[in-house]
Amino acid sequence: VEGRLARLEKVVGDGELASLYPDVCSALDVLDRKLALLQPGVIQQVASQASKLEEKLKKGADGGASAQVTAKLSTLLQTVERWDAVSLLLPSILARLKSLRGVHERAAAAVSSIDDVKARQEGVSAGLREQQKALEEARGTLRDNVATMLSNLQTVEERVKKLEAAKG
């Protein structure tokens, strides 16, 4: 299969589809429509029409063929022959690409799920940071309150001692 794909890329060129189509599904649809044009019956019909036109031009049926028209017909015939060879490879490649369509769609869904998980994780991390900050503030306030209570307790003890000393 890899050898076939390499031959196809050699004939058709590689990288063209990536710049022309936004995703694999669009490329597959276009390739499917083009494949329908490359069926052996259609190719034979185009080749026979090209041959008939070439014969007419050679016979001078329309007052003599120009070199430009002959060159165009020759180019068309070469293109048809080249695509005839490629048309044999396309059904298997198209089937392979269609089978990969599901993989592509599942991969897109996986990427979406990963993005959702990342967003949730960032939200949880932000919440944890806020909770940590609130905890630190509560510890600081508790520490200040304990210090104030100890100071007040010491002051009360001193007053009690003064009162006991004054009484006794």
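This is a predicted model: local features need pLDDT of at least 70, side-chain atom pairs count only at pLDDT 80 or more; totals for chains, interfaces and linings use all residues.
Colleague: What share of the 168 residues in the protein chain is buried?

Modeller: Buried here means under 20% relative accessible area. In H5, the buried residues include Leu73, Val80 and Gly140. Over the protein chain, buried residues make up 12%.

Colleague: Is Leu35 buried or exposed?

Modeller: Leu35 sits in helix H3, residues 24-37. The cut-off for buried is under 20% relative accessible area. Leu35 has a relative accessibility of 10%, so Leu35 counts as buried.

Colleague: Which residues is Leu35 in contact with, leaving aside its neighbours within four places in sequence?

Modeller: Start with the C-alpha atoms of Leu35 and Leu88, which are separated by 9.8 Å. Those two residues are 53 apart along the chain. Helix H5 spans residues 67-167, and its buried residues include Ser87, Leu90 and Leu94. The contacts of Leu35 are Ser87, Leu90, Pro91 and Leu94.

Colleague: Where in helix H5 does the kink lie?

Modeller: The kink is about 35°. Buried residues of H5 include Leu89 and Leu90.

Colleague: Are H4 and H5 roughly parallel or roughly antiparallel to each other?

Modeller: The axes of H4, residues 40-59, and H5 come within 10 Å. They cross at roughly 160°. Angles over 145 degrees count as roughly antiparallel. H4 and H5 are therefore roughly antiparallel.

Colleague: Is the crossing of H4 and H5 left-handed or right-handed?

Modeller: The two axes cross at roughly 160°. H4 passes H5 in a crossing that is left-handed.

Colleague: Which residues of H4 and H5 make the contact?

Modeller: H4 brings Ile43, Val46, Ala47, Ala50, Leu53, Glu54 and Leu57. H5 brings Val69, Leu73, Leu76, Leu77, Val80, Trp83, Asp84 and Ser87.

Colleague: How do the residues of the contact of H4 with H5 divide into nonpolar, polar and charged?

Modeller: Glu54 of H4 and Asp84 of H5 are among the contact residues, and Asp and Glu count as charged. Ser87 of H5 also takes part. The division is twelve nonpolar, one polar and two charged.

Definitions and conventions. Residues are numbered from 1 along each chain as its sequence is written. Side-chain values use heavy atoms; hydrogens and water are left out. Helices (H or I, at least four residues) and strands (E, at least two) are DSSP runs, numbered from the N terminus. Buried means under 20% relative accessible area, exposed over 50%, partly exposed in between (1.4 Å probe, protein chains only). Contact means heavy atoms within 4.5 Å. The bend at a residue is the angle between axes fitted to the seven residues ending there and the seven starting there. Axes are lines fitted to C-alpha atoms, for helices over the stretch in contact, and angles run from 0 to 180 degrees between N-to-C directions. Angles under 35 degrees count as roughly parallel, over 145 as roughly antiparallel, 65 to 115 as roughly perpendicular and the rest as oblique. A crossing is left-handed if the near helix is turned anticlockwise from the far one by less than a right angle, and right-handed if clockwise.
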